[in-house]
Amino acid sequence: MKTRTWTTDVMSRMYAEASEGIVIENGLIRYDRPGHTRQVAHLKHCHEGRVSAGYYALGRLLDVSEPGEGARTLQALAELQIRNSADDRYGAFRWYAEEREVQDSNAAFFILMPLVSLRLKAPEAVPAEHAAIMDGMLRRAAFWFERECREPELFYPNKTMSDGAMLLAISHLLGDAERLDSAADYFDRWESYTSRRGWGWGENLSLVYQGVMLNALEIAEPLLRGVRPKLAERLARQRRSLLDILRFHDGTELVPTIRSYNFGGELRRPSLAWMIAGVTGTNLSSEASFHVNDLSTLLLFDSAFEGEARSPQGRHDGEDRKNGQAGRAMSAGVPRIREERVFDDAFAYSWIGRRTRLGSLNRFPVIPGSYQHEAWGLGWQSFPLSAAAEGGQVSYARWSVDDGETVRTHPAESYKTAYLMPALFRDSPYPGVRTFAAQREHALLALRVLDNVRQPAAEIADEWVVPGFAGEAAELPGVDGRRWHVLRYAGAAIAISPLQSLTFGLSPEAAGAYPDAKMDEVRKIGTRGDGESGGVSLKELKHRPGVLIAERDEARLKLRQILHVGEPGLLLTPRLQAGWAVICLDDANDEGAIRDRLSRIVIEDAVLDDREVPREPHERIRCVRLLENGREQVRLELDPHRPKVT
């Protein structure tokens, strides 16, 4: 296979790094750690299919692996496949050799992606013996992918698109015209859904899963061009919409983002997707490290990585380049704004200034039923409110629930801690967890709601988390009597203030008397209403002025709004609510400038009863306005009876 120098160097380095200390047993790479699924999470060792498939394909591409060794790997991968035609998961794959049954069904496309990419882009690298083993897997997999595409989970973009791409590619490789037509029908349905309603639960806002979706489109669009050219062009438009998002954010973490695992708040994360979009200056030098799992992208988008400048010269973005829209040329101006449709009337709003960035979703989750379940959910891996500063990090809103035994947070502490425990609360049925926001340019207002809480709880808090922040959050007064916590950066600042909160069992006066208290001290000042576990009085559920408590550990600064605290026990309350005002002070380079900007800002925060329908106190309308220089900058109104931001 002819590849460009940069691509060849990257692949060779990937193979050398993956080979260092590698242990291959029975054809599969052994990991000396647990796997990610529940069946193998307790094991010290496991043998994974995806990385083994990628390592095999990389070795064949570079012509450095022995054919006999490769055949053993392919046979081992075939053993991971469900080969009983009576099984309803016939053709699917187990992720690990140690699994007894399929638990993560995405294993099918993740294991086959590097093999299919190799067959499509470098068929000469695959010996006939290997191709025969692959074909056996592909024939069985065709049944699985056809089933998945017949009843697709259209709301789950990266999975359903990858299933469709695999069905299309397998049909092409095996000369199966009937299934190829079925795959084309699937993509017609997917594209219609995406154009009409949006990107399901929102993976167009995920740097991680954009890469997966771009791979799927890069397989599908060329194969469809010869049989359904109009459909191929529709897919090309969807691809351009993904690349436009990346260009807008120009190599910096998306704000906001859905399904990101950036719990450490990294401002810039390496991804080949940036290069596909033509974004320069992302530090993806010739020394950049990539993983074997990146092989499919390197193969599929080889033309996008050519040349020392590593800027796309391929066919995909030729039209965009003629229009002067490639790379930073499209997104160089600041400040700039992008409103991105996610699903139906759920939108992401992103503002980028010279030194700071601010983003929000007008509602999250963007589709019902997706926030938390016992085995999956988007809450632990999504960042619906986030801000960033050059020379700093991404900071974000985060729920924290201590049930007396375990502390759970959304977003999570880490992938490892949350994947097998993804819900925010211990017991099902879970409370409703929702975020509502309004943003205009550099100013954001948000209300965060927990509905129908019937859970074990010792403490419930909403936090603004600032990972790796070395400074202190200076506390400065506003002209309307509120307190602002200000994060200082070089030449700029981000100011954060709580709105009124709906709390249970906490005296705001007491909390305010201990602004620097550690949480074990704050816990002592809580009260549980009538004092009985599980017995609560609605008179203790009140709108109160928001109070922020600054807490620091070695990893981060947390600005905390405590909504409930008390002895561990069953909490029954119809609603808890926190609120945030966040302002990026993009040109405030000293304390005087910060104070001057804050002196121009007033927040009107009202709790209203329209008397048109019966309302308990917790059901009243919230109306919040942020005025700057006497003019309304942004407004947020939320009616619990009609939970839609107006």
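How many residues does helix H9 have, and what distance does H9 reach from its first C-alpha to its last? In this predicted model, helix H9 (residues 229–249) has 21 residues and reaches 31 Å between those atoms, close to the 30 Å expected at 1.5 Å a residue; the expected span is 1.5 Å times one less than the number of residues. H9 is mostly covered, with 16 of its 21 residues buried (under 20% relative accessible area, with a 1.4 Å probe and protein chains only). Asp-250, which follows H9, has a positive phi, near 40°.

Residues are numbered from 1 along each chain as its sequence is written. Because the model is predicted, local features need pLDDT of at least 70 and side-chain atom pairs count only at pLDDT 80 or more, while totals for chains, interfaces and linings use all residues, and side-chain values use heavy atoms, with hydrogens and water left out.

The protein has 17 helices and 22 strands, taken as DSSP runs (helices H or I, at least four residues; strands E, at least two) and numbered from the N terminus. Three of the strands form an open sheet in the order S20-S21-S22, with antiparallel pairing (at least two DSSP bridges between two strands). Strands S20 (601–608) and S22 (631–638) are the edge strands, each pairing on one side only. Strand S21 (residues 621–628) is joined to S22 by 7 bridges, and Leu-626 stands opposite Val-634 in S22.

Of the 646 residues of the protein, 59% count as buried. Among contacts (heavy atoms within 4.5 Å) between residues at least 6 apart in sequence, 69% join residues at least 24 apart.

Note on methods:
Buried means under 20% relative accessible area, exposed over 50%, partly exposed in between (1.4 Å probe, protein chains only).
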